[in-house]
Amino acid sequence: IEAQLQGACLHRAQLQGTNLNVVQLQGAYLIEAQLQGAYLPRAQLQGANLEGADLRGADLTGANLAGANLKNADLRGADLSKADLTGANLAGANLEGADMRGAKFARAVLTGVKLIGAKFSPFKPPEARPPVGCVGLLAPNGCCFCPNTFISILLHSYPLCTCTCIRSRVSAFSKIHRHSRR
């Protein structure tokens, strides 16, 4: 179904196996929602709150989850191929056996994520230059080592790196750095 559900309150909703193809759920409140086996390809879930949601086996192919909160979500066996998880909070999420080939994880929070058996695209080193506004050093593989903000995990020998520079931190670090040169 195509539906406009931006900002909808679907707390603990029972949506197992539901066809939500191309649904608009930006900013929706889906805490602890039951979405096992749901069909959500190309769903628009930017900024949605899916904390503790059960998305086991869900099809999220090409879904836009940028800035979404997926803290402690159960995504075992989910298809997240080509999904946009830019800036998403995946802390404590279970992604065991999930297909994440071609997914975007820039600035995503991946603390405590379970990734056993997860599928990823082969790692391709980025161009050897830091992100705009970054004051960190660059590793040989192109990853940015920003002070106190670097996240790096090793998955099947492929490093997944995310530079999480925040302008205020960059600004503060730059001021300290300029001051120490005097």
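This note comments on a predicted model of a protein chain, point by point.

1. Overall composition. The protein chain contains one helix and four strands. Read from the N terminus, these elements follow the order β-β-β-β-α. The chain has 182 residues, of which 42% are buried.

2. Contacts along the sequence. Consider the contacts between residues that are at least 6 apart in sequence: 8% of these join residues at least 24 apart.

3. The nonpolar core. The largest nonpolar core comprises 42 residues. Those touching the most other members are Leu55, Leu60, Leu65, Leu75, Met100 and Phe105. Leu55 deserves a separate remark. Once its neighbours within four places in sequence are set aside, Leu55 is in contact with Leu35, Leu40, Leu60, Leu70, Asp74, Leu75 and Ala78. Two of these partners, Leu60 and Leu75, are also named among the core residues that touch the most other members.

4. Which residues line the largest cavity? They are Leu10, Leu15, Leu20, Leu25, Leu30, Leu35, Leu40, Leu45, Leu50 and Leu55. The lining therefore consists of 10 nonpolar residues, with no polar and no charged ones.

5. Ala33. This residue is placed in the segment before S1. Is Ala33 buried or exposed? Ala33 counts as buried because its relative accessibility is 0%, and the limit for that class is under 20%. Leaving out residues up to four places away in sequence, Ala33 touches Leu10, Arg12, Ala13, Ala53 and Asp54. Ala33 and Leu15 are separated by 18 residues in sequence, while their C-alpha atoms are 7.3 Å apart in space.

6. Asp99. Asp99 likewise lies in the segment before strand S1, which spans 137–138. Asp99 has a relative accessibility of 13%, and so counts as buried. Which side chain makes a polar contact with the side chain of Asp99? The partner is the side chain of Arg101, at 2.8 Å. Apart from residues up to four places away in sequence, Asp99 touches Ala78, Asp79, Leu80, Ser81 and Lys119. Ala78 is also listed among the contacts of Leu55.

Key. Residues are numbered from 1 along each chain as its sequence is written. This is a predicted model: local features need pLDDT of at least 70, side-chain atom pairs count only at pLDDT 80 or more; totals for chains, interfaces and linings use all residues. Side-chain values use heavy atoms; hydrogens and water are left out. Helices (H or I, at least four residues) and strands (E, at least two) are DSSP runs, numbered from the N terminus. Buried means under 20% relative accessible area, exposed over 50%, partly exposed in between (1.4 Å probe, protein chains only). A polar contact is a pair of N or O atoms within 3.5 Å; within protein, one must be able to donate a hydrogen and the other to accept it, and residues adjacent in sequence count only if both atoms are side-chain atoms. Contact means heavy atoms within 4.5 Å. A nonpolar core is a set of buried Ala, Val, Leu, Ile, Met, Phe, Trp, Tyr and Cys residues joined through side-chain atoms within 4.5 Å. On a 1 Å grid over the protein atoms alone, a cavity is a set of points where a 1.4 Å probe fits but cannot get out, and a pocket is an open set with protein on both sides within 12 Å along at least five of seven lines; lining residues have an atom within 4 Å of a point.
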